[in-house]
Amino acid sequence: MSHVSLPTLHSTESAARTCALSSCRAGTRVTVVDIECSGDEACRLRALGFCEGTSVNVIDARDSMLLEVRGTRLALGAALTAGITVQPTAARA
Amino acid sequence: MTAPTAESAKGATAPLPPGGTLRVAIIGNPNTGKTTLFNALTGLRQRVGNFAGVTVERVEGAFKGPDGQRVAVLDLPGSYSLSAGSPDEQIALDVLLQRDSDRWRPDVVLVVIDASHLERNLFLAGQVIELGVPVVVALNQIDVANEQGISIDVPELSHELGVQVIPTVAKRGEGLDPLKSALVRAGTLPLPERRFRLPADVQRALAPVEQCLLREGLHPSAAGMEALRLLGVQRTEPHLAQVPDLRDEVVAAAEKLRGAGYTPARLESEIRYAWIADVVGRTVTRTSHESVSFSDRVDRVVLHRVWGPLIFLLLMAVVFQAVFTWAAPLMDGIEVLIGALGGAVAERIPEGDLRSLVEGGLFGGVGSVLVFLPQIAILFAFITLLEHSGYMARAAFLMDRVMRRVGLHGKSFIPMLSGYACAVPGVMATRTIEDPKDRLATIMVVPLMSCSARLPVYTLLIGAFVPATALLPGLTLQGATMLGMYLLGTVTALLVAAVFKRTLLKGPVRPMILELPPYRWPSLWSLLVSVWQRCALFLRRAGTVILALSIVLWAMATYPKASVDASLPEEVQAEQQLEYSLLGRVGKAIEPAVRPLGYDWKIGVSIAASFAAREVFVSTMGTIYGVGGENEAALSEKLRAEVDPNTGQRRYTPLVAIGLMVFYVYALMCISTVAVTVREAGGGGVGWRWAGIQFAYMLALAWVAAWLVYAGGRALGFGG
């Protein structure tokens with residue numbers, strides 16, 4: 001039995017340097033800050049391992065986006081990626 | 001209805017009665033090889049797919065345990081979590097919480113985990129472990145994980161999860177015996193429970209919700225799981241409405257948590273993934289880190305903005321051309337075989353009605369349909385290949401943009417592509433679509449995708465009336481006409497879906513959430529099994545529905561007997577008999593409805609007869625023209641030679657043939673599709689209403705389009 005620690009739970013990320021996921025270019029590495037979409041879709045995203053605090057690689061960015069999340073490939077529609085706030089952590093050269 | 005779990009939880013810990021059946025439910029994320037494992041365990045074969053959620057039917061199988069005990073296995077639909085987002089996941093949740101209508105209560109739950117995607121897969125496993133039912137974890141595709149340099153400490157993982165963990169490679173049948181033993185042993189071990197402790201304030205806030213669920217008879221562990229899970233669920237799940245006070249308690253708990261600085265909707269995923277990170281940290285070692293995987297390299301080309309759609313179109317063109325040309329030698333072979341058989345049998349029967357029944361009814365009717373088996377097999381092989389390799393999800397991704405214009409998202413394209421093979425699995429594949437309106441709109445248009453049952457009609461008419469002129473290397477005018485019919489159906493399906501989404505099924509465009517599974521070499525065996533299953537289904541239809549209809553139609557064409565002048569040529573005699581027969585009279589009654597389309601009563605009868613199944617059109621024509629033990633080529637020949645006795649002109653022109661094909665592109669002539677639409681559109685009155693709308697709009701579309709082709713073509717001078 002382990003006690004879980006919730007690293008992102010009470011921290012309020014600074015608004016600086018955050019942007020919409022939809023504005024990120026292919027090759028960027030980002031951390032998810034906030035998922036703002038209908039409850040159903042947020043619930044599905046989180047079950048797929050796409051939740052607040054998750055590191056995500058942007059593989060392809062057109063109107064829908066192709067992302068690497070926890071080793072899996074997720075395709076997300078444009079309406080979703082516009083509502084997801086992320087913090088870029090690195091850009092691939 | 002919900003008084004579920006207390007009793008079953010007791011049942012789970014109690015030893016099974018000797019000779020009793022152990023019931024195992026299999027659950028796992030899509031693409032974990034869950035269905036392959038199910039097949040390997042039970043030996044019962046079914047379709048295995050690689051795109052999200054191919055397992056849409058309820059499939060049960062059984063095997064004998066190590067000590068001869070009977071073990072029944074239920075393959076649950078692929079699910080990412082227990083928070084049901086799609087009808088598929090709802091089915092899985094209902095079975096696991098013992099709320100499904102059949103009351104199928106699992107004694108053991110087998111969670112299948114993809115070892116190469118452990119992190120994501122442990123989310124569902126974590127939820128299932130808390131259900132208060134014995135659990136066994138199959139760590140599948142362990143070979144793939146090892147190849148990727150991921151090594152997993154299995155005993156440690158088993159310790160962390162508190163359940164037996166068995167490494168397996170389902171597609172090679174590895175690890176099955178230990179897995180079977182583990183399943184049988186699971187009931188004798190202590191029940192698994194939550195593997196982490198919630199922060200005290202969270203536990204306090206959730207306590208009233210748990211109390212509520214406990215009063216309903218849920219296992220204490222399951223109540224804890226549900227309380228945490230319901231915080232993130234916005235939709236009204238059935239038990240939220242049925243359990244007294246539950247909804248209010250969930251709202252109150254969420255309020256309390258917000259006051260304490262938590263975000264209730266994210267709480268479950270944060271806590272579970274924090275626990276998962278912990279488990280993964282202790283059990284997984286990565287020896288190498290592949291930076292760009294094989295799948296990514298393929299995707300760079302296949303999903304390319306320019307090349308992607310081109311490759312997709314090229315693939316489709318190859319498929320349809322292959323269906324038309326590769327099948328030809330096989331079809332000729334079957335024709336010769338049926339012809340020889342029919343001739344040999346008919347020779348032994350004295351001249352008369354019995355001989356006519358065998359020649360015209362059996363060999364003419366059923367035989368003319370059997371000829372198309374190779375084409376159907378090739379088409380299914382291609383569609384299955386697209387599914388198994390992982391390309392299907394890529395096609396959905398490529399089509400998302402087009403589908404969004406329509407008002408649906410890319411995922412709706414997967415059932416539509418399956419519809420090329422058969423509308424029935426296509427309609428069932430819509431279960432992975434979460435939004436009910438999107439789902440209905442997709443169901444309504446899936447039958448517009450030209451299915452394999454239309455192939456015999458297209459092939460007959462194209463073969464008879466379209467010359468095999470070469471257009472491009474490898475593409476003939478015949479192949480192009482076939483492609484044109486498929487395109488017509490596809491484009492119309494998109495347009496009609498757009499109309500539905502703007503009228504009867506108005507709603508916002510839901511954004512796409514789609515997992516692209518890694519590309520895999522499909523196993524030849526499972527490919528063959530899938531194709532064989534479809535062929536068997538077709539053969540069964542030929543042996544039952546089509547056989548029965550052929551006999552009925554033969555009888556209708558033969559009786560009552562006309563008193564014909566024996567001095568007339570045989571052809572004329574036959575013609576007079578046909579017109580005098582019951583079938584002829586029915587045809588004459590139908591004729592006014594099809595006359596504007598350029599059809600005579602013979603086509604009218606064949607269309608009417610094929611409302612049960614489209615292939616019957618060909619067998620009816622076969623019966624009418626008495627091609628008996630001969631073959632499809634003979635039928636084409638007769639169609640081309642048919643002359644209108646009044647005008648002396650050819651009765652079937654290429655224009656009539658094209659119009660007829662267009663009619664078949666649009667008309668919903670398939671009892672099975674109507675039945676599956678009734679069920680999937682909601683069943684009962686609602687289901688029938690939607691099935692009625694579907695049938696009516698497609699028939700109207702068919703008639704109008706065929707009329708436009710015929711009347712328009714004539715006006716433009718293509719009448720000849």
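The model is predicted: local features need pLDDT of at least 70, side-chain atom pairs count only at pLDDT 80 or more, and totals for chains, interfaces and linings use all residues. Residues are numbered from 1 along each chain as its sequence is written, and chains are lettered from A and ligands numbered from 1 in the order in which they are written. Chain A and chain B meet through 38 residues of chain A and 41 residues of chain B, where a contact requires C-beta atoms, placed from the backbone, to lie within 7 Å.

**Chain A**

- Chain A contains two helices and seven strands, and its order along the sequence is β-β-β-α-β-β-β-α-β; helices (H or I, at least four residues) and strands (E, at least two) are DSSP runs, numbered from the N terminus.
- Of the 93 residues in chain A, 44% are buried; a residue is buried if 20 or more other C-beta atoms lie within 10 Å of its own, exposed if 12 or fewer, and partly exposed in between, with C-beta atoms placed from the backbone.
- Among contacts in chain A with a separation of 6 or more, 60% join residues 24 or more positions apart.
- The average pLDDT of chain A is 82, and 78% of the residues score at least 70; pLDDT is the predictor's confidence in each residue, from 0 to 100.
- Over residues 8-13 of chain A, pLDDT stays under 50, and the model has nine contacts beyond four places in sequence for them.

- On the side of chain B that touches chain A, two or more residues each come from helix 4 (118-129), strand 8 (196-197), helix 12 (264-283), helix 18 (391-406) and strand 12 (513-516) of chain B.
- Helix 12 of chain B gives the largest share of that side, nine residues.
- The side of chain B that touches chain A comprises 18 nonpolar, nine polar and 14 charged residues; Ala, Val, Leu, Ile, Met, Phe, Trp, Tyr, Cys and Pro count as nonpolar, Asp, Glu, Lys and Arg as charged, and the others, Gly among them, as polar.
- Strand 6 (residues 72-76) of chain A pairs with strand 12 of chain B in the antiparallel sense over four bridges; pairing requires that DSSP finds at least two bridges between two strands.
- A:Leu76 stands opposite B:Ile513, which lies in strand 12 of chain B.

**Domains of chain B**

- An automatic or database domain assignment divides chain B into domain 1 (19-186), domain 2 (200-286) and domain 3 (315-514 + 524-590 + 600-638).
- The C-alpha centres of domain 1 and domain 2 of chain B are 24 Å apart, and their contact takes 20 residues from domain 1 and 19 residues from domain 2.
- Helix 4 of chain B supplies six residues, the largest share of the side of domain 1 that touches domain 2.

**Interior of the model**

- The largest nonpolar core has 242 residues, of which B:Leu96, B:Val109, B:Val111, B:Val136, B:Val137 and B:Met661 touch the most other members; such a core is a set of buried Ala, Val, Leu, Ile, Met, Phe, Trp, Tyr and Cys residues joined through C-beta atoms within 7 Å.
- Helix 30 (residues 654-666) of chain B contributes the largest share of this core, 11 residues.
- Apart from its neighbours within four places in sequence, B:Met661 is in contact with B:Val457, B:Tyr458, B:Leu461 and B:Met485.
- B:Tyr391, in helix 18 of chain B, is buried because 22 other C-beta atoms lie within 10 Å.
- The C-alpha atoms of B:Tyr391 and B:Arg520 are separated by 9.3 Å, although the two are 129 residues apart along the chain.

Definitions and conventions:
Contact = placed C-beta atoms within 7 Å.
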